[in-house]
Amino acid sequence: MAGLEGYDRHYGTRPIEPWEVGAAYPSKYHGREVIRPLDVPVVHPLAEDSPPPEDDLTVKRYVGLGCGLASLITENLLIHPFIVLRRQCQVNPSAVKYHLVPITLVPIIIRLHQTQGLNTLWKGIGSTLLVRGLTLAVEDLVSKITPWPKEITCNSSLRSFGQHLLLKCVSIGIVTPFYSASLVETVQSEIASERPGILDVFRDGAIRLLEVGNKGRLIPIYALLPPTIAYGVTKYLFTLIVRGVTSRIMHVRHKHSQQLRGAYSRDLVSESVVQDIELHSILVSMCAADIIFYPLETVIHRLHLQGTRTIIDNLDTGRSVTPLLTGYSGAIDCYRTIISTEGPFGLYKGFGSLILQFAAHVLVIRATKWILTELTGVMRPKAKTIKPPPLNYYNDI
């Protein structure tokens with residue numbers, strides 16, 4: 001037909017496929033301008049096989065488990081140097097530098113490493129882990145020999161909740177002598193004291209338990225039990241409340257974001273989302289509890305170390321040591337004395353170490369999540385790609 005001599009040469013005898021639109025229509029045809037259709041990117045249905053959603057859910061679940069494990073290791077092991085610094089600042093009534101911000105602790109850490117070695121901030125790590133393990137063992141034992149539940153939920157009755165708090169009080173009271181012995185190992189200077197054995201915390205805790213009478217300025221255990229139990233139970237309740245509220249808020253935010261995208265299902269909430277929410281709610285509750293109860297922790301630690309003849313590192317210089325010489329009659333007297341002699345900020349000595357502690361905790365979780373996500377992305381099998389046939393394929397046929 002006239003005017004269609006070049007039709008087969010340019011287009012062949014088949015209909016144009018969607019992905020060939022841009023290439024099939026030339027800009028000029030026989031010297032005339034050709035109006036090209038709108039270039040709309042269309043993906044061929046066989047061009048790429050997307051991985052099944054189950055694989056993504058499995059990957060996210062393993063990433064969540066890895067982040068939870070990293071958080072547990074960080075909480076019980078990696079942040080111990082910051083706990084040592086914090087406690088040494090808290091119990092020193094004669095310290096001039098309060099170290100309320102992290103920057104003031106950096107030169108002190110460098111000097112401590114220069115004078116005492118790299119392990120100076122890891123002292124007492126063995127006894128600290130033993131005391132935490134002992135606490136869990138005592139709670140488990142008491143829950144088995146009594147009807148008191150070791151764990152509670154939002155659906156637990158008021159009676160179960162009261163029995164659970166009673167379980168916490170008993171476990172804290174039993175562990176208190178060993179906690180006091182572990183506290184001494186954590187703050188004492190290694191250059192002025194003998195390095196304790198890994199099981200010495202049980203011997204020292206038993207000795208502290210048997211010292212029922214007043215020995216110098218040493219406060220007996222029975223006098224330390226009320227403030228220690230009150231501190232532990234109140235902090236635990238506050239942590240539970242903040243954790244529940246934070247978890248609820250994060251669930252509502254997740255639901256709202258899913259509804260905006262039109263992908264929310266009331267019956268389907270992925271396990272990875274639940275793990276991520278629980279991990280962040282636990283971290284937020286721990287941070288809030290440590291900040292709110294920091295002054296009370298300072299008072300408790302000073303009462304436990306009074307009369308123990310402990311020599312600690314002087315964190316004003318980082319190169320010398322200083323003895324602990326206090327004469328508090330109780331928790332209220334300790335609080336009033338700190339306010340009158342050291343000021344209100346005396347209750348927050350070493351707060352900069354707490355900031356470093358949680359910064360390191362968040363950094364470890366974020367780094368672990370990024371590393372695991374990248375590793376799973378590399379190890380995941382790549383999807384098969386089916387390329388469309390070339391343009392001259394049908395012309396050759």
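Buried means under 20% relative accessible area, exposed means over 50%, and partly exposed lies in between. This is a predicted model. The protein has 397 residues, and 36% of them count as buried. Its secondary structure comprises 14 helices and four strands.

**Overall picture**

- The accessible surface of the protein comes to about 23500 Å². Carbon and sulfur atoms account for 64% of that surface.
- Among contacts between residues at least 6 apart in sequence, 78% join residues at least 24 apart.
- The count of salt bridges is 13. The count of disulfides is zero.

- Helix 6 covers residues 125-145, and G126 is found in it.
- G126 has 23% relative accessibility, so it counts as partly exposed.
- G126 and G197 are 71 residues apart in sequence, yet their C-alpha atoms are 8.9 Å apart.
- Helix 6 also holds both K144 and D140. These two residues are four residues apart, about one turn of the helix.
- K144 and D140 form a salt bridge, with their closest N and O atoms 3.2 Å apart.
- D140 has a relative accessible area of 25%, so it is partly exposed. K144 reaches 64%, so it is exposed.
- The pair belongs to a wider group. D140, K144 and K150 are linked in a network of salt bridges.

**Two further salt bridges**

- Side chains of opposite charge can pair when their charged atoms come close.
- R195 pairs with E190 in a salt bridge, and the closest N and O atoms are 3.5 Å apart.
- R195 is exposed because its relative accessible area is 62%. E190 is partly exposed because its relative accessibility is 23%.
- K349 pairs with E342 in another salt bridge, where the closest N and O atoms are 2.8 Å apart.
- K349 and E342 are both buried.

- Seven named residues make a nonpolar surface patch of about 590 Å²: L69, L72, I73, L77, L78, W122 and L129.
- Helix 3, residues 53-78, gives the most to this patch, with five residues.
- L78 lies in helix 3. L78 has a relative accessible area of 40%, so it is partly exposed.

**Buried cysteines**

- C67 counts as buried because its relative accessibility is 3%.
- C334 is buried too, because its relative accessible area is 0%.
- The protein has zero disulfides by the distance rule used here.

**N92: a buried loop residue**

- N92 is found in the loop between helix 4 (80-90) and helix 5 (105-116).
- N92 is buried because its relative accessible area is 3%.
- The side chains of N92 and S94 are joined by a polar contact of 3.0 Å.
- Beyond its neighbours within four places in sequence, N92 is in contact with R302, I312, N314, T322, L324, E342 and K349.
- Two names in that list, E342 and K349, are the partners in the buried salt bridge described above.

**Q306: another buried loop residue**

- Q306 sits in the loop between helix 11 (294-305) and strand 3 (311-314).
- Q306 counts as buried because its relative accessibility is 3%.
- A polar atom of the Q306 side chain lies 3.1 Å from the backbone oxygen of R217.
- Leaving aside neighbours within four places in sequence, Q306 is in contact with R217, L218, I219, T326, G327 and Y328.

Conventions. Residues numbered from 1 in each chain as written. Predicted model: local features only at pLDDT ≥ 70, side-chain atom pairs only at ≥ 80, totals over all residues. Heavy atoms only, no water. Buried < 20%, exposed > 50% of the residue type's maximum accessible area, 1.4 Å probe, protein only. Patch = residues over 30% accessible without salt bridge, like charges linked within 9 Å, V, L, I, M, F, W, Y side chains within 5 Å. Areas by Shrake-Rupley, 256 points an atom, 1.4 Å probe, with all protein chains shown as cover. Salt bridge = Lys/Arg side-chain N within 4 Å of Asp/Glu carboxyl O. Disulfide = S-S within 2.5 Å. Polar contact = N/O pair within 3.5 Å; in protein donor to acceptor, adjacent residues only side chain to side chain. Contact = heavy atoms within 4.5 Å.
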